[in-house]
Amino acid sequence: MAIRDIIFIPDPRLRQVCDPVTSDEFDDALQTLIDDMFETMYHAPGVGLAANQIGITKSLAVIDVVGSEQPADQYVIINPKIIDSKGEVGMSAGCLSVPHQMIGTVKRAEWVKVAALDRFGNPIELEGDGLFGHCLQHEIDHLNGIVFVDRLSTLKRERMLAKIGKLDRLITKQSTQDSQ
Ligand code: NI
């Protein structure tokens, strides 16, 4: 297993609709990719990771909202689709691809049901609310080229991006000073 590099906005791969994983792609390389994605997610640390966050634009994401690193809490969703949803609820969200651990409140369905394939290509259905429900929607958004900042109001998004830019410049300035 290996930790892969996570990419950040505004990398265009995060805005790309990911390609479906085809039936001939369920091979050893895919299993290694999934294991690497879990390792990368735990190392970050985060509760979900989509393949395009490590630069691979395939419709595949991993989730573990418990963080136990145990198979019972690990979910792999391949070519996922939301097939049912109920209610609406706001929840604070962050993303490994949004720098400086920026947090914003995102409105999402309170409960969702998702159809997907598991890591071996078997059809599965998952459903959930709370953090798991939001995480399912957050990762499916990624695979459709949507980052949570896109779901904020224009004003809130502009403020957040300005703050990120400011912090980036501050860090660049500090590291320039350190090296002098
Ligand atoms: Ni994310």
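Guide: Donors are here N, O and S atoms within 2.8 Å of the metal, and since water is not among the atoms, a site may look incomplete. The model is a predicted one, and in it the nickel ion has as its protein donors SG of Cys 95, NE2 of His 138 and NE2 of His 142, which lie 2.1 to 2.3 Å from the ion. Along the sequence these donor residues follow the spacing C-x42-H-x3-H. Cys 95 sits in the loop between strand E4 (89-93) and strand E5 (104-108), while His 142 belongs to helix H2 (residues 130-143), so this pair ties together parts that are 47 residues apart in sequence. Both Cys 95 and His 142 are buried.

Turning to the chain around the site, the secondary structure consists of three helices and seven strands, arranged along the sequence in the pattern α-β-β-β-β-β-β-β-α-α. The radius of gyration is 17 Å, close to the 16 Å that the globule rule gives for 180 residues, so the protein chain is as compact as a globular protein of that length. Of the 180 residues, 42% are buried, and among contacts between residues at least 6 apart in sequence, 66% join residues at least 24 apart. The accessible surface of the protein chain amounts to about 9800 Å², with 52% of it belonging to carbon and sulfur atoms. As for charge, the chain carries 18 positive and 26 negative side chains, and the centres of these two sets are 12 Å apart.

Technical notes. Residues are numbered from 1 along each chain as its sequence is written. This is a predicted model: local features need pLDDT of at least 70, side-chain atom pairs count only at pLDDT 80 or more; totals for chains, interfaces and linings use all residues. Side-chain values use heavy atoms; hydrogens and water are left out. Donors are N, O and S atoms within 2.8 Å of the metal (3.2 Å for Na, K and Ca); water is not among the atoms, so sites may look incomplete. Helices (H or I, at least four residues) and strands (E, at least two) are DSSP runs, numbered from the N terminus. Buried means under 20% relative accessible area, exposed over 50%, partly exposed in between (1.4 Å probe, protein chains only). The radius of gyration is taken over C-alpha atoms; the globule rule is 2.2 Å times the number of residues to the power 0.38. Contact means heavy atoms within 4.5 Å. Accessible areas come from the Shrake-Rupley method with a 1.4 Å probe; for residues, only the protein chains shown count as cover. Lys and Arg count as positive and Asp and Glu as negative; His and the chain ends are not counted. The place of a charge is taken as NZ of Lys, CZ of Arg, CG of Asp or CD of Glu.
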